[in-house]
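User: Please take a close look at the ligand surroundings in this model. Keep it brisk, and go from contacts to context.

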Amino acid sequence: MVKKAENIIVGISIGDLNGIGPEVILKTFEDNRMLELCTPVIFANVKIISFLKKNLALDSSLHGIDSLEQIVLGKINVLNVWKEGVNLEFGKNDDVVGKYAIKSFATATKALKDKQVDVLVTAPINKYNIQSEDFKFPGHTDYLDKELSGNALMLMVHDKLRVGLLTDHIPVNEISNYLTEELLERKVGTIVKTLQQDFGISKPKVAILGLNPHSGDNGVIGDEEEKVIKPAVKKMFDLGQLVFGPYASDSFFGSLQYEKYDAILAMYHDQGLIPFKTLSFGNGVNYTAGLNRIRTSPDHGTAFEIAGKGIAKHDSFKEAVYLALDIYKKRNEYQELTKKPLKAKQN
Ligand SMILES: NC(=O)C1=CN([C@@H]2O[C@H](COP(=O)(O)OP(=O)(O)OC[C@H]3O[C@@H](n4cnc5c(N)ncnc54)[C@H](O)[C@@H]3O)[C@@H](O)[C@H]2O)C=CC1
Ligand SMILES: NCC(=O)COP(=O)(O)O
């Protein structure tokens with residue numbers, strides 16, 4: 001059963017308190033109409049969020065709670081994940097602040113897992129400040145992959161542009177070692193299922209980018225295309241999936257070829273994110289596809305150099321909330337439909 005809009009609970013992890021995360025969250029919910037679409041719960045501490053709100057001269061009323069049972073629909077709820085004060089300094093790398101980012105994220109993830117919140121939207125963390133003995137992940141995606149069911153895939157979304165990553169947070173000199181037919185087939189499988197259940201596209205078309213310059217030029221400039229990518233694409237295509245490529249990535253976006261596909265699979269982080277961020281103009285969303293729960297985030301980071309100045313744009317965060325709500329509804333509808341499929345008419 002799909003919930004009424006304002007009953008959909010959006011869990012929000014606070015990210016790095018020294019960055020722009022709190023600002024983009026508060027600016028998003030300063031618009032009261034957002035509270036007609038969902039009920040947010042910020043995982044942090046109400047005194048700190050009130051302080052940040054005042055500092056940015058933002059105008060919204062916060063509702064502090066000590067447990068998720070106290071959520072009030074239609075209000076900006078702030079769950080007190082911790083009680084003590086935290087020393088903040090905008091733009092500063094601080095591993096203590098990093099620990100609070102993880103406290104917020106881990107608590108929100110548990111609430112997501114336990115279905116106490118319906119979707120999770122994460123504000124940016126600083127990947128250096130979050131590292132500790134207890135948390136050794138390069139980002140949210142890898143942690144969620146461990147905590148939730150399924151296989152996570154980083155999918156960047158802006159309108160009809162969807163760019164998935166075969167490999168994400170790995171050093172560039174290791175990309176080739178990760179590239180296998182098995183990984184390609186698994187990631188394409190995740191993209192296809194995601195497009196069907198989360199975006200309502202029944203027969204999706206997926207383009208695969210090459211790894212090497214000019215997609216290897218038939219093995220003259222690197223052989224990953226010949227040895228791995230082409231055989232995998234052929235196998236998937238022969239099995240009935242609409243998978244095409246590999247395409248030379250340098251001209252794929254500029255020539256507008258990307259518009260013919262429902263999703264594009266890039267071989268590595270920057271190959272996908274540079275064209276994506278260039279085309280999406282600060283409105284892009286990072287969606288963790290392939291898991292049994294829904295998490296989105298803005299496509300930007302902590303932007304330390306502008307933190308606390310009140311000039312951060314919140315469009316990408318707002319889009320992340322919209323997309324999470326959209327996917328939540330689409331996935332519920334898909335599950336209802338596939339649970340009770342319409343029978344074909346017998347002649
Ligand atoms: N989902 C997450 O938690 C993400 C975290 N990061 C982390 O953030 C930290 C900083 O990363 P950077 O590569 O510098 O990327 P960044 O996105 O923080 O900043 C890149 C540039 O864009 C500007 N910018 C970013 N967001 C903006 C906004 N909302 N409004 C106006 N200008 C904005 C910044 O001022 C900077 O000039 C790193 O530790 C990185 O790992 C980066 C991306 C996503
Ligand atoms: N470029 C995307 C990014 O770094 C975000 O990673 P994650 O924290 O969502 O895993």
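Analyst: The shell around ligand 1 splits into 6 nonpolar, 6 polar and 3 charged residues. Here Ala, Val, Leu, Ile, Met, Phe, Trp, Tyr, Cys and Pro count as nonpolar, Asp, Glu, Lys and Arg as charged, and the others as polar. The model is predicted, so local features need pLDDT of at least 70 and side-chain atom pairs 80 or more, while totals for chains, interfaces and linings use all residues. Residues are numbered from 1 along each chain, chains are lettered from A and ligands numbered from 1 in written order, and side-chain values use heavy atoms without hydrogens or water.

Start with ligand 1. It is surrounded by 15 residues (a heavy atom within 4 Å). The closest are Ile 125, Gly 301, Ala 303, Glu 305 and Lys 313. Now the polar contacts (N or O pairs within 3.5 Å). His 300 uses its side chain, with a polar atom 3.4 Å from a nitrogen atom of ligand 1. On its own, ligand 1 has 810 Å² of accessible area, and the protein covers 63% of that (Shrake-Rupley, 1.4 Å probe).

Next, ligand 2. Its shell consists of Lys 127, Gly 139, His 140, Thr 141, Met 154, His 169, His 269, Leu 273, Asn 286 and Arg 295. By class, that shell holds 2 nonpolar, 6 polar and 2 charged residues. Side chains make these contacts to oxygen atoms of ligand 2. Thr 141 places an N or O atom 2.6 Å away. For Asn 286, the distance from a polar side-chain atom is 3.0 Å. For Lys 127, the side-chain N or O atom is 3.1 Å off. Alone, ligand 2 exposes 310 Å², of which the protein buries 87%.

Which parts of the fold build this second shell? Helix H5 (140-147) and helix H10 (269-280) each give at least two residues to the shell around ligand 2 (helices are DSSP runs of at least four residues, strands of at least two). Both domain 1 (1-149 + 292-347) and domain 2 (152-290) contribute at least three residues each.

The Gly 245 to Pro 246 peptide bond is cis, with omega near 0°. Pro 246 belongs to strand S9 (residues 242-247). Leu 256 has a positive phi, near 65°, and is not a glycine. It falls in the loop between helix H9 (249-252) and strand S10 (263-266). Most residues other than glycine have a negative phi, and most peptide bonds are trans.

Conventions. A polar contact is a pair of N or O atoms within 3.5 Å; within protein, one must be able to donate a hydrogen and the other to accept it, and residues adjacent in sequence count only if both atoms are side-chain atoms. Domain bounds come from an automatic or database domain assignment.
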